[in-house]
Each structure stands twice: as structure tokens, then as C-alpha cells.
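Welcome! Take a moment to turn the model around on your screen, and then let us walk through it together.

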Amino acid sequence: MVKIFKSLMILLMFFSCSLFNVQKHTVLNLTIKTYDNFSNEYISTIENDLLFLDEVKLNDFATVITSNISIVDIDENNCSSLQVACVFPDRSKIIFIRPSFFKLNQTERLGTLLHEVAHIKLRNFDHVPCVSPLITNTECDEHADLAFGLELQFYKALDSVRPNTQTKRCIEKTKIRINNLVL
Ligand SMILES: [Zn+2]
């Protein structure tokens, strides 16, 4: 009897660990759901990224993020394996993030968040084929008022207050994702 009870307890512990290990934290009005051992690292990274926007006085970009999404869902089964983050038309206010997102640098992470948020804000979830000969097999936007446009706007704003080569590289990489960019 004791043995059965013990096995049951072990089974119960196993299930409670695997199924219910969803942590919810509220950071600057965002609920962050995480499912694995790096939860605290993920949460503090997002928190620091948003606080950085405050530090460099780019709060408007933080507001765009926090006013258009309420849940950040972090899980390795999110999105496709090639994506670091994604959003869906029928899951508005939720941004899905894969752990690979945290391998990006801070500038790229913020740019990516803003890109995804723009999809939700503008209710536009599509991209078009790129026209630049510099890139192949990837997706672009037709004009600068879409997701890549907001991303570019952020990199430019950041570069004007904290110029560095990393941000300049992001600017160049994002410019070619906008087919009809008016310079
Ligand atoms: Zn996109």
C-alpha cells in the first residue's frame, strides 16, 4: 500500500512539474508566460530591454509594445523553428517567442518585438517577396508603414541617441526588407 502511494506521489510530482510549470510574471503591464528552467533569465531580459528604452528616452517604443500586447508567451514549441518570434491574427495581444530570441542582442530583440507588435497594431500579418538583389528567399514589406518600417524607425531612433555599429548594421539589414523605401 505504501509502495502504491509512493508511486502515485512520484507520478503526481512528475505531472505537476511537466504540466503546470507555467510561470506568470507581470513586467510593466505584460504577463510573461514561460515554461522552462530559464524562466527568470527570460523575464529579467525582457524587463531590462523595456527599461533600457526608458533609459535612452525612447519610451514611445515601449508604449507601442505594452499597449498592443498583454501576454508574452515563451516556449520552444512556439512559431516555426526558423522564427524567433511570431504573432497570429486570431491571437491578438499575444506575442509568441522561442528561446532562440534570447540569443539576439538587445537591439535586435527590441527591433523584433516592435516588428511583431506592428503586425498586431496594424492588423497586417503578411509580407511580400523581396525585390532587393541583396536578399533571396526571404520576406519583405511593400512600403515603410508596415512591420519592417517600425523596426527601422526604432533602429534609427536608437542610433541617434546611442550610435554604435551594431545598430547601424541593423539599419542596413532592415532597409533592404522594405521594397519601396523612400530615403
Ligand atoms: Zn513580420
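This is a predicted model: local features need pLDDT of at least 70, side-chain atom pairs count only at pLDDT 80 or more; totals for chains, interfaces and linings use all residues.

Helix H3 passes helix H4 in a left-handed crossing. Two packed helices are described by the angle between their axes and the distance between the axes. Here, the axes of H3 (residues 59–68) and H4 (residues 106–122) come within 10 Å and cross at roughly 50°. That angle makes H3 oblique to H4, because angles under 35 degrees would count as roughly parallel and those from 65 to 115 as roughly perpendicular.

Which residues meet where H3 and H4 touch? From H3 come Phe61, Val64, Ile65 and Asn68, and from H4 come Leu113, Leu114, Val117, Ile120 and Lys121.

Leaving aside residues up to four places away in sequence, valine 117 touches Val64, Ile65, Asn68, Ile69 and Ile95.

Val117 also belongs to the largest nonpolar core, which has 34 residues. Phe61, Ile65, Ile95, Ile97, Leu114, Val117 and Phe154 are the members with the most contacts inside this core. In soluble globular proteins, nonpolar side chains tend to be buried together. The elements in the table each supply at least two residues of the core.

| Element | Residues |
|---|---|
| Helix H2 | 39–55 |
| Helix H3 | 59–68 |
| Strand S3 | 71–74 |
| Strand S5 | 94–97 |
| Helix H4 | 106–122 |
| Helix H5 | 147–161 |

Of these, H5 gives the most to the core, with 7 residues.

Now for a spot with other surroundings. Proline 89 lies in the loop between strand S4 (85–86) and strand S5 (94–97). Is proline 89 buried or exposed? Proline 89 is exposed, because 11 other C-beta atoms lie within 10 Å, and a residue with 12 or fewer counts as exposed. Proline 89 and arginine 123 are 34 residues apart in sequence, yet their C-alpha atoms are 7.1 Å apart in space.

Finally, step back to the whole chain. Its secondary structure comes to 6 helices and 7 strands, and from the N terminus on the elements run α-β-β-α-α-β-β-β-α-β-β-α-α. The chain has 183 residues, of which 26% count as buried. Among contacts with a separation of 6 or more, 55% join residues 24 or more positions apart.

Definitions and conventions. Residues are numbered from 1 along each chain as its sequence is written. Axes are lines fitted to C-alpha atoms, for helices over the stretch in contact, and angles run from 0 to 180 degrees between N-to-C directions. Helices (H or I, at least four residues) and strands (E, at least two) are DSSP runs, numbered from the N terminus. Angles under 35 degrees count as roughly parallel, over 145 as roughly antiparallel, 65 to 115 as roughly perpendicular and the rest as oblique. A crossing is left-handed if the near helix is turned anticlockwise from the far one by less than a right angle, and right-handed if clockwise. Two residues are in contact if their C-beta atoms, placed from the backbone, lie within 7 Å. A residue is buried if 20 or more other C-beta atoms lie within 10 Å of its own, exposed if 12 or fewer, and partly exposed in between; C-beta atoms are placed from the backbone. A nonpolar core is a set of buried Ala, Val, Leu, Ile, Met, Phe, Trp, Tyr and Cys residues joined through C-beta atoms within 7 Å.
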